[in-house]
Amino acid sequence: MIRRSILAAALCLLTTAALAQTGTQPPAATPPAATSSAAKSDITPAKFQKRREKAIMAADTDGDGKISLLEWEAFQAKRNVKGDPAKSFARIDSNHDGFIDRAELDAFFAKRFARLDKNGDGILTGDEMPGHKSAPKPEQ
């Protein structure tokens, strides 16, 4: 339990540091009326990042706080992910040191969130999430 608390605190600090480095300001607080009308499925950047990072850091089997290519390949095989795991690893490993660390995950997920947030309101709604039942279906 303490480990999770420490992890949560570290994630908050890393997210703040990543935002400070990129010069990006978090979205302005929404008025209470707008917040209360938001659906429970709406996802904020912090919630999005926490979910994704938790899932991907499960690949860190040796617990050193970073993911090696071997750990990534095993993780992708376990999840039956199609495609070349080395390519996805290289895309996330922005400093090309052979490891994916939390700062690289923060940057990767911030970009992904911004790409998914079609209307730029700082919240992902169900229709903006890929694979969601209300998301628009691509033309066939």
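This report describes helices, aromatic pairs and some side-chain contacts in a predicted model.

## Helix 3

Helix 3 covers residues 45-57.

The buried residues here are F48, Q49, E53, I56 and M57. Viewed down the axis of helix 3, the buried residues fall within an arc of 135°, so they line one face of the helix. K50 and K54 are exposed and sit on the face of helix 3 turned away from its buried side.

By the distance rule for ring centres, the model has 2 aromatic pairs. One of them is formed by W72 and F75, with 5.9 Å centre to centre and 45° between the planes, a tilted arrangement.

W72 and F75 both belong to helix 4 (residues 69-78) and are 3 residues apart, about one turn of the helix. An α-helix has 3.6 residues a turn, so residues three or four places apart point the same way. Both residues of the pair count as buried because each has a relative accessible area under the 20% cut-off: the value is 3% for W72 and 11% for F75.

The rings of F108 and F109 make an edge-to-face pair, because their planes stand at 70°; their centres are 5.4 Å apart. F108 and F109 are both buried.

## Helix 6

F108 and F109 are among the buried residues of helix 6, a list that also holds R102, E104, L105, D106, F113 and L116.

Helix 6 runs over residues 102-116 and has 15 residues. From its first C-alpha to its last it reaches 21 Å, close to the 21 Å expected at 1.5 Å a residue. At the start of helix 6, D101 brings a side-chain oxygen to within 3.2 Å of the backbone nitrogen of A103.

The loop between helix 5 (85-92) and strand 2 (99-101) contains H96. H96 is exposed, and its relative accessible area is 63%. The side chain of H96 reaches the backbone oxygen of S94 at 3.5 Å.

A contact of another kind involves F99: the charged end of K66 sits over the ring of F99, at 4.3 Å from the ring centre.

Note on methods
Residues are numbered from 1 along each chain as its sequence is written. This is a predicted model: local features need pLDDT of at least 70, side-chain atom pairs count only at pLDDT 80 or more; totals for chains, interfaces and linings use all residues. Side-chain values use heavy atoms; hydrogens and water are left out. Helices (H or I, at least four residues) and strands (E, at least two) are DSSP runs, numbered from the N terminus. Buried means under 20% relative accessible area, exposed over 50%, partly exposed in between (1.4 Å probe, protein chains only). A polar contact is a pair of N or O atoms within 3.5 Å; within protein, one must be able to donate a hydrogen and the other to accept it, and residues adjacent in sequence count only if both atoms are side-chain atoms. The expected span of a helix is 1.5 Å times one less than its number of residues. Rings of Phe, Tyr and Trp (its six-membered ring) pair if their centres lie within 6.5 Å; planes under 30 degrees apart count as stacked, over 60 as edge-to-face and the rest as tilted. A charge sits over a ring if NZ of Lys or CZ of Arg is within 6 Å of the ring centre and within 35 degrees of the ring normal. The arc is that of the directions from the helix axis to the C-beta atoms.
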